[in-house]
Amino acid sequence: MKITETAKSLKLWIPTIFLVMKRDDTPRISKIFALITVSYALSPIDLIPDFIPILGYLDDIILLPILIKITLRLTPDYIIAESKVEAKNIWNSDKPKKWIYSIPIIVIWLVVIALIYKYFIHK
């Protein structure tokens with residue numbers, strides 16, 4: 001599979017897994033792995049920073065598909081099928097309307113910046 005094909009499939013699988021996580025009938029272990037997967041996909045903090053050539057994207061190309069496969073294996077097929085159909089419609093208007101989900105990432109970055117300022121700049 002080419003990198004562009006992987007990126008296109010991730011564009012569908014990440015919203016699908018997010019929708020799996022939100023459902024009430026999803027098993028708890030699936031919800032936990034779905035949360036880990038979506039958090040890792042959306043987090044600006046990676047194991048290897050993206051600015052490092054080749055290696056920076058390698059963790060995303062390897063870890064994200066592994067997390068997706070684990071989540072899908074732990075989730076009943078009917079939940080995946082229904083969530084996948086719903087996820088296809090998320091991108092019809094270009095972007096999801098629920099920008100509020102970006103707040104935890106913004107808070108994480110603000111905490112990181114505050115800690116850097118406190119310990120390294122404001123000594």
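Arg23 is buried, with a relative accessible area of 19%; buried means under 20% relative accessible area, exposed means over 50%, and partly exposed lies in between (1.4 Å probe, protein chains only). The model is predicted, so local features need pLDDT of at least 70 and side-chain atom pairs count only at pLDDT 80 or more, while totals for chains, interfaces and linings use all residues. Residues are numbered from 1 along each chain as its sequence is written, and side-chain values use heavy atoms, with hydrogens and water left out.

The side chain of Arg23 meets that of Asp25 in a salt bridge (2.8 Å, N to O). A salt bridge here is a side-chain nitrogen of Lys or Arg within 4 Å of a carboxyl oxygen of Asp or Glu. Asp25 is partly exposed, at a relative accessible area of 36%. The side chain of Arg23 also forms a salt bridge with that of Glu82 (2.7 Å, N to O). Arg23 sits in the loop between helix H1 (3–22) and H2, and Glu82 sits in helix H4, so this pair ties together parts that are 59 residues apart in sequence. Through shared partners, the salt bridges join Arg23, Asp25 and Glu82 into one network. Glu82 counts as partly exposed at 43% relative accessibility. The structure holds 2 salt bridges. Side chains of opposite charge can pair when their charged atoms come close.

Helices (H or I, at least four residues) and strands (E, at least two) are DSSP runs, numbered from the N terminus. H4 covers residues 77–90, and its 14 residues should span 20 Å at 1.5 Å a residue; the end C-alpha atoms are 20 Å apart, which agrees. The expected span is 1.5 Å times one less than the number of residues. In H4, Ile79, Ile80, Ser83 and Ala87 are buried. These four cover an arc of only 90° around the axis, which puts them on the same side of H4; the arc is that of the directions from the helix axis to the C-beta atoms. On the other side of H4, Asp77, Val85 and Lys88 are exposed. An α-helix has 3.6 residues a turn, so residues three or four places apart point the same way.

Ala81 also lies in H4 and is partly exposed, with a relative accessible area of 43%. Its C-alpha atom is separated by 9.7 Å from that of Val20, 61 residues apart along the chain.

A nonpolar patch lies on the surface, formed by Ile29, Ile32, Ile36, Ile52, Leu55, Tyr57, Leu58, Ile61, Ile62, Ile66, Ile70 and Leu74, with about 960 Å² of accessible area together. Helix H2 (28–42) and helix H3 (55–74) are the elements that give two or more residues to the patch, and the largest share, 8 residues, comes from H3. Patches are made of residues with over 30% relative accessible area and no salt bridge; nonpolar side chains (Val, Leu, Ile, Met, Phe, Trp, Tyr) are joined within 5 Å, and like charges within 9 Å. Ile70, in helix H3, counts as partly exposed at 32% relative accessibility.

The protein chain as a whole has 5 helices and 0 strands. Of its 123 residues, 27% count as buried. Its accessible surface comes to about 9100 Å², of which 70% belongs to carbon and sulfur atoms; accessible areas come from the Shrake-Rupley method with a 1.4 Å probe, and for residues only the protein chains shown count as cover.
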